[in-house]
Every structure is written in C-alpha cells, then in structure tokens.
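The paragraphs below go through the structure part by part. Please keep the sequence and the 3D view at hand while reading.

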Amino acid sequence: MSVSVVSSTKPGGAGVLRVRRTLRAVLPALSLILILLAIWHLNARAISYFGLNLMLNLAVPVALATVGQMFVMASNDLDLSIGTFVGFIGCITATVLHDSPVLGIAIFAGCIVVYALLGALIYLRNLPSIVVTLGMFFVWQGLAILVLPKPGGHAPDWLKALMSLKTPYVPFPVMAAVVIGVVAYVGLMRTSYGAVLRGAGGNAVAVERAGWSMLKVKMILFGLAGFCGVLAGMALIGLTTSADANLGNGYTLLSIAGAILGGGEFTGGRVSPIGSVIGALTLTLAGSLLNFMHISPDWQVAAQGGILIVVLAARVLINRAGSAA
Amino acid sequence: MIASMRRVIAQPWLYSFVGAALVWIAAVTYTGGYGAGGMLSAGIALAAFSVIVGTAQMFVITLGPGNVDLSLPANMGLASAVAMKVMGGCDALVLVGLVAAIASGTTIGIANYLLIRLLRIPPIIATLSASFVVQSIGISYGRGLQVKPPPGFATATTVQIAGVSVMAVVVVVFSVGIGLLLHRTTFGRSVAAIGQNARAARLANIPVERIRALTYALGGALGGLCGALLAGYFQGSSLDIGNEYLLTSIAVVVIGGTSVAGGRANVTGLWGASLFLVMLLTMLNTYGVSAGVRLLVTGLVIIAVIVTAGGPRIAR
Amino acid sequence: MRPERVMSQHSVVIELTGTEKSFGAVRALAGVDLAVAMHECVGLIGHNGAGKSTLMHVLAGTLTPDKATVAVKGETLKRYGLVAAHRLGIRCVFQELSLCPNLTVAENARILHPALRGFGWRRRAGELIISKLDEIFPDHRIAADAIVGDLPIGKRQMIEIARAFTVTTAPVNLVILDEPTSSLDGHTASQLFAFLRRSVKAGMSCILISHMLREILSTTDRVVVMRDGRVVTAGPTSSFDRNKLVVAMGGAEHHGTQADTPAPLAAAAAASEAPITVRMKPKGQHDGRELLARAGEIVGLAGLAGHGQTDLLLAVFDAGSGRAKKGAVADRIALVAGDRQTDGVFPLWSIAENIGVRSLARFRKGVLLSVEAEDALAARWKERIKIRTPDMRNPILSLSGGNQQKALFARALGSDATTVLMDDPMRGVDIGTKLDVYDLIQEEAQGGRTFLWYTTEMDELRHCDRVYVFRNGSIVAELARHEVSEERVIAASFAEAA
C-alpha cells in the first residue's frame, strides 16, 4: 500500500501524470464550454435549437476536414492541401455528382486513391509531407478551377435535404458532430488495427519490428484523410447549395488549428478524434461569439489564432505544473 | 577542370535557370519572337519580389526540419498597409515608411520566435497562429485604406532602364549581400550549422537560441520590406498582397536547391527558381491556358522537383 | 546443477557460425559462433563495444550479418530475418525500449500479436499482458489501460519484458534479454531472475546480457565472454567466479602490449599546484566527492558506458558556456564528440568548415569571415593531426571515420579553448588515428590545456594523470596515475552494492 502512496506523491509520479493527462484531455471541452457560456451570457436565446443550428451549420464540414487532418497528423505528417481538396470535391459535387452520380462517385474514389498514393510516395521517397502537399494544394485548386471556372453549379437535392435535416430535439449539426466524433473514435482508438496506426506514429521502428508494413499504414492514414476530405466537400456544398473553386481554401488552416486545439500533437502519434471535433466546433463558435460581442468581423481570424495560442499556452502550463510538482 | 565542370553540373540550381530559359524560349517560339524582350524584363522584375520573400523563407527553412514561416503573407499585407500609411503619398517619407514596414515585419518575426520558444510549439503552428492575429491586425488597421504610394516610390519600384528593371538590379545586389551573409559571416555559418545538426551546433559553442531568434526576426524584416515594395509596384497596399507568396516562397526555396531538411541554402537558386516560376506562368499565359491549368502545372512542378531531390528511404 | 550438457543436434534451438558484421571501418563481429540449447540460460558478457548487442540483433533478425550460417535443429537456413526469427519463437527485449509511448499497455501487447483482433481484442490483450505481468512481477501495479508514456521507466521495462514472454499463435522458445535490469530495482530484478529459472526449467531458453556479474553467476547455466567482436571464453557458469570473469573480459593477455607513456614527473608535480580549472559534482553524487581538474592535467573518466560520464561532461560544458551556474569552470571550453553523427559532424560541410566552426570569431576581418584564415587553420591541422585527404575543401563525409574524428579533434584543439572535453572520442577508431592523437593530447596538456577524457578503452586511461571511475551517475573511485590498472578500473565499475 505504501508503495502506491509514495509513487503518487513523488515528482512526476504516475498520479501526477494521470492528473496532467486528464487535464489535457478536458482542455478542448473546457474551451468549448467557455465559449458556449460566453455566448449564453451575451445572448441567451442563441443557445437554442434554432440558434445552435444556425451557429454550428458550417461546423460539419470543418469537423470532417479536421478529422481528416488528424489522420495525417497521426503518422507525424501534415496535409496542407486539404483546403483546396475540399474545394475541388465541392466543385465536383455541384457539377458532376449532380449530373451523373456514378461518375461523381468514381471521381471521389479516384481522389481517395490519389491520397493513398501520396502517402506511399511520401513514405517511399522519405519526402517532407509539407512540400508534397503544398504542391497538391496547387493541383487541387487548379483542377477545381478547371471544373468550375465561375462560381455556380447545384448541389444534388438529396444532399441539400440531408444537410438541412430537422432532427428532433437536438440540432442536426450537433448530431452530425457527435456521429463524426464517435465513428472516428471507434475507428482509430478502439479497433485493433487503429492501435497499429497510432503506434506507427509513436514508435515506427517498434511497429515495423513487430512485422507491420509502414507503407500500408501511411497509405491507409492518407486514404482516410482523403475520405474525410470528400465528405467535408460534399457537406459544404450541401450547405451552400452551389460551389466556388475557392470555397475550401481556408480549411487547411482551420483543420490544422482544430486538430491541435483538440489535443493533437505534431509528433508521437498523439491525436484525439473527439478532441478534434470539439476543436472544430470551438473555432466555428468563436466567430459567432465575436458577433455577439459586437466585435467587427475583422478580428474573427485573430480570435482563432488567439484561441490557439491560449490553449497551447495552457497546455504548456499544465505540463510544467506537472513536472514541477 | 573536368571535376569542377562536373561540380557545376551537379548543382541543382542550374536546372532552374535552364528550365527558366527553356520555358522562355518555348513562350517566344509560340509568339513568333514577338515580345521576347518585354517578357524577359517583366519576368525579371516580378521575379525580384519572389526572391526577397524567398530569401526570408530560405533562412528560416535552413534552420532545420520543421522550421517554416507561414506568417509571411499576413506580414506582407500588414507591412504594405503600414508603409503606405506612414508614407502618406509623400515622397519625403519614403525612407521612414520603409523603416516602419521593416520594423513591423521584425516585430512579427520576433513574436513568432517567442511563440516557438515559450510555448514550445512547432514553428508551423506558431507562425500559423501568429498569421491569424496579424491578418486581423492588418484588416482592422488597413480598413478602408486606399493610400496610393508616393509617386517617386511607385516609379522607383517599376522603372526600367533599357528594359532592365532598376528594382531587379537592386535585388541582385541584395542577393550578393545575402550570399556573403550566408557563407562569410558567423551568423550565416551558424544558421547552416544549426540546420545540419542542432545538437552538434550547441556542442560547437554556437548560441543556438540567439541565432534562431535572429533568423526569425530577419525573415520577418524581409517579409515586411517586400510588402512595402509590392505596394509600390502595384500602386497601393492590399492585405491580400502577400497571399500568393505563401506557396511561392516555399516553392522557390525548394526548386532553388535549398535543402528542405535544412543546413544548406542556395541564394543563386532562388533567382533561377523565381525566374522559372514567373516564366512558366508567362508561357502559360501566352498559350492562353486557363488559371486552372497554370495552378495545376505549378503544383506538379513542385512535386516533381521534391520527388527528384528526395532520396529513397534507407533500408535498415 | 544439471549434468554436463550433451549438445545433441535436436536440443539446439539455434546455432550461429562464423558471424561477421562490420559498420564501415569498424568490425563489430569478427567471426562469432554461438549455439543455444533448449533448457539453457546463456550469460553473455563483455566490455562496451565487444559486439554483444550486434550479435543479439543478428539473432533476433533485426540486423543482417555480412556473413553467417544459421542452423536450426541441425538444418541450415538459407534466409534468416525478422519473419524467420518470429516463427522460431525468438524474442528480444532490446536495450532501447520498443514500446509505443502513445499507446496503452494492452495496445502495445496488440502490436506484437497480429492474432489479437476482432471483437473484444482489447480485453484479451489486456488479460494477456497483465496475466504475464502477474506471473513475472506479482506486485507490479500496472493497469492494462495505462498509457505507456506516462509510466516510469522501470514499469515500462517490466512491460517490455513481460510482453516478450506472451504467447498467442507464435511460440516463444528463446528470449534475449539485453541489460534487462538496467532500470529495475533489486526486488523486481530478483523476481525476473526467479521467473527466468522457472521458464528454463519448463523448456524455454534465454540469453542474458548484463554488466551485473552477480546476476550472470546466479542465473545462467553457461557463460560466453566476448571481446573485440570475438568470443574469448565460454564454459559452464559453475567453472567461473567473479574474478575469472573480470579477467576474461579485460583480456589479461593485452597487458603491457602498449608501453606506458612516460609521464614527465616534473609536469605532474607542477600540475598539483596549477590553478583549478574545473570543479564539478556529478548530479547523482551524494557523498560530497567531486571532480577536480587543474590546468595542464589530463583527467580520465572511466567506468561502464552510460554511467554518468557524458552527463558530467555536458554539465561542465554548459557551465563553461554560461548556460548553467553549477560548479566552477574556467572559461573557454571545447568538446570533442564521440558519437560523430549525432554530436559532431556537420555532414554538408567541407573538412575545413567543420574544423573552423569553433573558431569563427577569430576569422573575422572587418565584417566578413576570411576564407584564407579558415584555410590556414585547416592546413595547419591537416599537418599536425595528419588528416589524410588531398584537399581540405572536400566534403567531411569523404573522410574515413577515423579521419572525421581527427577533424573533430582539430576543431577543439585549433580553437581558443583552455579546457577540452572528450566524450569517448575514440569509439570505433583505428589504431593509427589513436596513436596520432595521443601524442598530440600529451603535447597540448604540457602546453597548459586541461583535458577531461571520458573513455571506455582501458589503454587510454594510461595516458591520464588521474582517473575517476563512475558508476550509476556518481564517482566511485579516484585513481592516481600509478594506481590505474585494468583490474582496478573493472573492479570499481563492477562494484555492486552488497
């Protein structure tokens, strides 16, 4: 008995570490609650079925893109192209998918394959993912403009209907976010192969020594990112009903910020699916909060940066408190 | 002699110049020789801006893996606004305006470094969050600002003597200075040493953190300077003035033969790569292709270059 | 004790013959034969760099030897690697932990076992690893859902060990334990050894690498002693005692082959009055001993690798460059790295640039660095330390390992440093290079420079005026020049708390 008491009071002991980890895990949720409280304080009516529906509408595609980014980050890479990819998928959704669904779905499948191949290329040639995906940023944007030189197109009706679904009691965006978070959580955190995928980010040598193929791991993670990007693009068009080649450009930064806010780290395979979804919601709500505070939309982006900095600073403080205790 | 020839041929930056020349020839052939000189001088003038931003990015990237400055576009946008406001359309205040722009850029650079150091976060996220904040400062500071550059300043950035942009000549001189800074000063050597092996650099008595701070400050300062110059060139400040330079700055560094893994910078290559990219766009424009194809080709070129430059995974 | 073993072909789990492996110029294994029988626990010992870990990597299939014959049950295998080793049931507990720190204990078990999948895998993986932990370390207090990165190093080591013994589809026949007790306390270590004895009795085999001779003597059936990439002695454990093992590891026949460098007595005497340049207490030192060095002295840091010598050098380095205030250190310090790749060489630079990087301030002419000054320094040291290259502007990587090391020496010695720290700099360096450098160090010391010299090579300690022997992060012995002998150093570094 005395052993456990000693070890939990020792500096850096298991007890302190557990507390530190719990604190870090609740940090994303805490920031979301803080923002919700602030909005409620400023305008209580906003926290209602209708208000949440309105404020969180755009959170669905953001959450999907963030989860996609999280998959790439799980293997210590970064996808700078996800923004224009979402834009490109949006253009396809509003044109090809609307006119000939089969061809549209075939293109989406092809895109996911391209993502998986990028993962393979990055692994086999040992390339910096930042530069490769930077090139892809241009490629997707170029393709988007080729598909849809001028804003326009029409979202398929079923997609519009889906995105404006009136669900009972709980607003659709909230339900969608929960579904996205739970599916990603179960897939990455609860399945047996998900453990291998995450382990590859934590100690690639050990995973390879145990007989797993790192090539396959990279391809699957990038492929999953592509899949999430496809869903994000479709969801976005379901909301906006028509497309624009530059619609998704901001999603690159939003998705990275969301995944980091949600507790993700760039190295070590430390990612959190549910945290990522919460991070995406937080960033989306930050805009509404500023509106309620009558702060000009000029400062919207600053608020996103500011939240990011504050959360990261809090994380450093938690780590430091843990090691100094 | 043969050995030195081989060494020249092995330089990756050479290909970017060759590529630029080939693309130019392709464009000129298409127009039947019409506008060959104009294309070249316009190209060189535009390339000069990419070279300045590219230099900023090159220093940061040379610091080693993970180092990159994503706040350059926002920095340039803010600096262009600051410069125009300070100059207020008055030629006498040009110098003050430039200093103000550089000061604004330097501040952003130092802020970037402090975020990296104090929050212990990767540079990409630090400069990303900084860029969010800077963007907003820019929007709120530059709201409704439509200040034209002082006429003298605008002329200085655009004037050509015998088809040669004066700006470009100045930037060539600047590049020579940067080359000396890189290879012939303690600072430049320290940056390269840290980029190759930060631990070894520390053990060779190099003040690693001080050099890192200086590098981010320098990158910010150059971004600020370029923002101000662009405002002169395009006849007015705009917050979006730097937007396309986020990707361009990284692209010219990579194509120009600077090592993405850090430790090896190449100033000459910046010119080759900038000319190549500008010429590529010029060529595609003369062919009358759409913006989509232009972007597509640019992206594929960047990927092709990095795939060629990267080595295969060492099996162990 | 079991009766004398008859190594019939069928009792042999695996047999390696003529194993050779070189890393560049360093010959890690020079034709090693090793056979492990069923029901056998083999102890493998040797000083640092004897080739033990390389041999184990070959056995575990993680390293392909340059030349070797692998035979199982009398049959020679054509291809041997990770897959074959896994099929044969050979598992390895590596020195560097091979757990994923971001995963839970159960998930780490899953990584090793492809069969742990489908519904309820998490529970099964948890039960598998926890039941094995219960079996080996009954009071382990590790939860299956704990994140490995959050656990202290000792618990991680316990998980790593237990994981190697878990069985799903592939069998476990031979477990290699490379320094398994380095981060375990005495209680858990004894639990581990009791378990090993039980497993061996039940039919398993194991190889135990340890610097704790007591562990080897009490646990193993047979001892194999390695030195310089070869097996020098092997035999039943019962035929050895502590002293015999120490002598075998040290290679008594090496005695006297290297003539003692005659120490100028006058210099030694003068040194005792010379000003103190370094005064530093190791972090793990609790008995008030501290390390002292005077101007002109060569002070050796001995003991087994990783027992705090490098940490002390880094502490001195930080103190000397104003990064830390602990201890007293005269200014101007330079360090010669032993691990060239991670601590020393700038791979993209020329030899001259690599040498000059520590002296940039002196090259300044006006604003710019003078290339002539850099070349002059490089040329001077090419001559003095005999760097074999046609052109000092050639890339540093064009040099052999030994000459790269000379360039690192030139960097430190060519600088204005008054105190030079050496972090086992002769690791894997050929004898020619060593001889070139030894004389130079003596010369420089007589010129008034202080040297702190961490080395794992016994012969080098003879060049030192005084030697501190380290163990577990603290100084356990201080030997004056005439007291330095291989036996004394090994005895002190293997000294075990009663």
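Chain A and chain B bury about 3700 Å² between them, and carbon and sulfur atoms account for 80% of that. Buried area here is the accessible area (1.4 Å probe) that two parts lose on being put together, summed over both. Three residues, A:Arg125, A:Phe138 and A:Asp298, supply 18% of the area that chain A buries against chain B, more than any other three residues. The contact takes 41 residues from chain A and 40 residues from chain B, where contact means heavy atoms within 4.5 Å.

This is a predicted model, in which local features need pLDDT of at least 70, side-chain atom pairs count only at pLDDT 80 or more, and totals for chains, interfaces and linings use all residues. Residues are numbered from 1 along each chain as its sequence is written, chains are lettered from A and ligands numbered from 1 in the order in which they are written, and side-chain values use heavy atoms, with hydrogens and water left out.

Chain B itself has 14 helices and 2 strands. Helices (H or I, at least four residues) and strands (E, at least two) are DSSP runs, numbered from the N terminus. The radius of gyration of chain B, taken over C-alpha atoms, is 20 Å, which agrees with the value near 20 Å for a compact globule of 316 residues; the globule rule is 2.2 Å times the number of residues to the power 0.38. The C-alpha trace of chain B spans about 55 × 50 × 35 Å along its principal axes. Of the contacts in chain B with a separation of 6 or more, 77% are between residues 24 or more positions apart.

Buried residues make up 56% of the 316 residues in chain B, buried meaning under 20% relative accessible area (1.4 Å probe, protein chains only). Helix α3 (residues 36–62) of chain B has 21 of its 27 residues buried, so this helix is largely enclosed by the rest of the structure. After α3(B) comes B:Gly64, with a positive phi near 125 degrees.

Chain C holds an open sheet of 6 strands in the order β6-β7-β8-β3-β9-β10, with mixed pairing. Two strands pair if DSSP finds at least two bridges between them. At the edges stand β6 (90–93) and β10 (230–236) of chain C, each with a single partner strand, so one side of each has no neighbour in the sheet. Strands β7 (residues 174–178) and β8 (residues 205–209) of chain C run parallel and are joined by 5 bridges, with C:Asp178 opposite C:Ile209 in β8(C). Helix α6 (residues 186–201) of chain C lies across β3 (41–45), β7 and β8, at about 150 degrees to β8(C). Such angles run from 0 to 180 degrees between N-to-C directions, with axes fitted to C-alpha atoms, for helices over the stretch in contact.

Another open sheet of 6 strands in chain C has the order β15-β18-β19-β13-β20-β21, again with mixed pairing. Its edge strands, β15 (333–336) and β21 (474–480) of chain C, each pair on one side only. The twist averages 20 degrees from one strand to the next. In this sheet, β13 (residues 298–302) and β20 (residues 466–471) of chain C pair in the parallel sense over 4 bridges, and C:Ala302 has C:Val469 as its bridge partner in β20(C). Helix α18 (residues 486–493) of chain C lies across β13, β20 and β21, running at about 30 degrees to β20(C).

Technical notes
Buried means under 20% relative accessible area, exposed over 50%, partly exposed in between (1.4 Å probe, protein chains only).
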